[in-house]
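Please keep the sequence and the model at hand while reading.

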Amino acid sequence: MNADRAVEEAVRDLLRSRSPLARRLAELPDDLRLGPGGLGLDSIALVELLLDCEERFGIGGIGGSAGLLAGPPLTVDRLVAHVRAAVAS
Amino acid sequence: MREVFDELERRWVALASGSPRLALSGAGTLGRLRNRLSRRWPSPEQVRALFPEMEARAAARVAWRIGGLEARNRAWVEGLKRSGLDPLRPLVRTPPAFAALRPPLLLVTFHVGAVHALGPALERLPAAVLGLRHGPFYEVRPPLALETTEGDAQRRAALFQRLLAHLTGGGFVAMALDIVPGAGLPVPCLGRPLELARGPFALARLAGVPLVPLVGRWRREEVEIVLGEALPPPLAEGAAEWESALAVSAGLWLERYLRASPAEIGLGLLRTLLGPEL
């Protein structure tokens, strides 16, 4: 498994650990929203998920992912791309 | 009768707009009188529903005072809209303990007493303060800056992240507990269920900072800031249990405060606690 794939799997595992709905789904589509209209994570759960990612991958302190929440609705692939980019840098 | 008093109050506040003390004092008198004549908003019976041990005459006096409190709050907001905070700042008194507060700290409040008058007090804190506000903004001075609590889950998540970063960076955050934008934490208060916002308790847990209750109370036409002791950190292990235990502690603080000062309960919180009974 290459590094990118490993990061993606780890992010998806973190998502499943935070979202009961994600645990019930066989697949997590790339364009699945993490908040309302998707996995339904509330504001606190979204931040805790980002903190999980920061801790798991050692990718900067709190607020390092501020831009991610300021943009369009957060989806599985946006989160994966963000973590990949942060790990690579 | 309501319309008559609304009009009287509006005219009085407009007439006395050059003197906030006069506007607030007159509004308070009108509010008490309105309650005394109408026996509504709230009625003495509603007060007794929350404080059943209170005698009927004492409940009537508390109801009058709540009528006065509400009117002074309306006059404060009207003054804020007309002239901003400058003429109102001198009316807010902070205790010596207030200046001794050191960040990082979460200052939490409830919709009781002079709830709109906390801004000038927060401006006197010795480090950067992020204050959360639901509703229209007004101009404040550094070190206080205001953030809105409105928006969808993702916007609120972005706000939560900024607050967390602010606290871990050594700042103050001030917010109300009894406004619940998302899922709340149920706590008992005066024998009734009350839902508190989960956010402040999650912030306290994630940032590892204490929660300190803070409320404003009217002393004639001035506002006195009342500072509580920091709520003791719960012994509970899990995150949800820890937050719930801290929320219960906050609910108990509010209950103790209102038992000692029942006339400080605002109509909004009274309605929330009484629910369909009101």
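In which loop of chain B does L190(B) lie? The model is a predicted one, and in it L190(B) sits in the loop between β6 (184-189) and β7 (192-197) of chain B.

Is L190(B) buried or exposed? With 20 other C-beta atoms within 10 Å, L190(B) is buried, because a residue counts as buried if 20 or more such atoms lie within that distance. Apart from neighbours within four places in sequence, L190(B) is in contact with L50(B), E255(B), L258(B) and L273(B). As for L227(B), the two residues are 37 residues apart along the chain, and the C-alpha atoms of L190(B) and L227(B) are separated by 21 Å.

**Helix pairs**

Two pairs of helices, one in each chain, are set out below.

| Pair | Residues | Axes come within | Crossing angle |
|---|---|---|---|
| α1(B) and α2(B) | 2-15 and 20-38 | 9 Å | roughly 170 degrees |
| α1(A) and α5(A) | 3-18 and 76-88 | 10 Å | roughly 130 degrees |

In chain B, the axes of α1(B) and α2(B) cross at roughly 170 degrees, and α1(B) is therefore roughly antiparallel to α2(B). From α1(B), the residues F5(B), L8(B), E9(B), W12(B) and V13(B) take part, and they meet A23(B), G26(B), A27(B), L30(B) and R34(B) of α2(B). By class, this contact consists of seven nonpolar residues, one polar residue and two charged residues.

In chain A, the axes of α1(A) and α5(A) cross at roughly 130 degrees, which means that α1(A) is oblique to α5(A). The crossing of these two helices is right-handed. On the side of α1(A), the contact is made by D4(A), V7(A), E8(A), V11(A) and L15(A); α5(A) contributes V76(A), L79(A), V80(A), V83(A), R84(A) and V87(A). Eight residues of the contact of α1(A) with α5(A) are nonpolar and three are charged, with no polar residues.

**Contact between the chains**

How many residues does each chain bring to the contact between chain A and chain B? Chain A supplies 14 residues and chain B supplies 16 residues. On the side of chain A that touches chain B, α3 (43-57) and α4 (66-70) of chain A each supply at least two residues. The most comes from α3(A), with four residues. The residues on this side of chain A divide into ten nonpolar, three polar and one charged.

Definitions and conventions. Residues numbered from 1 in each chain as written. Chains lettered and ligands numbered in written order. Predicted model: local features only at pLDDT ≥ 70, side-chain atom pairs only at ≥ 80, totals over all residues. Axes fitted to C-alpha atoms, helices over the stretch in contact; angles between N-to-C directions. Parallel < 35°, antiparallel > 145°, perpendicular 65-115°, else oblique. Contact = placed C-beta atoms within 7 Å. Nonpolar A, V, L, I, M, F, W, Y, C, P; charged D, E, K, R; others polar. Left-handed = near helix turned anticlockwise from the far one by under 90°. Buried ≥ 20, exposed ≤ 12 C-beta atoms within 10 Å, placed from the backbone.
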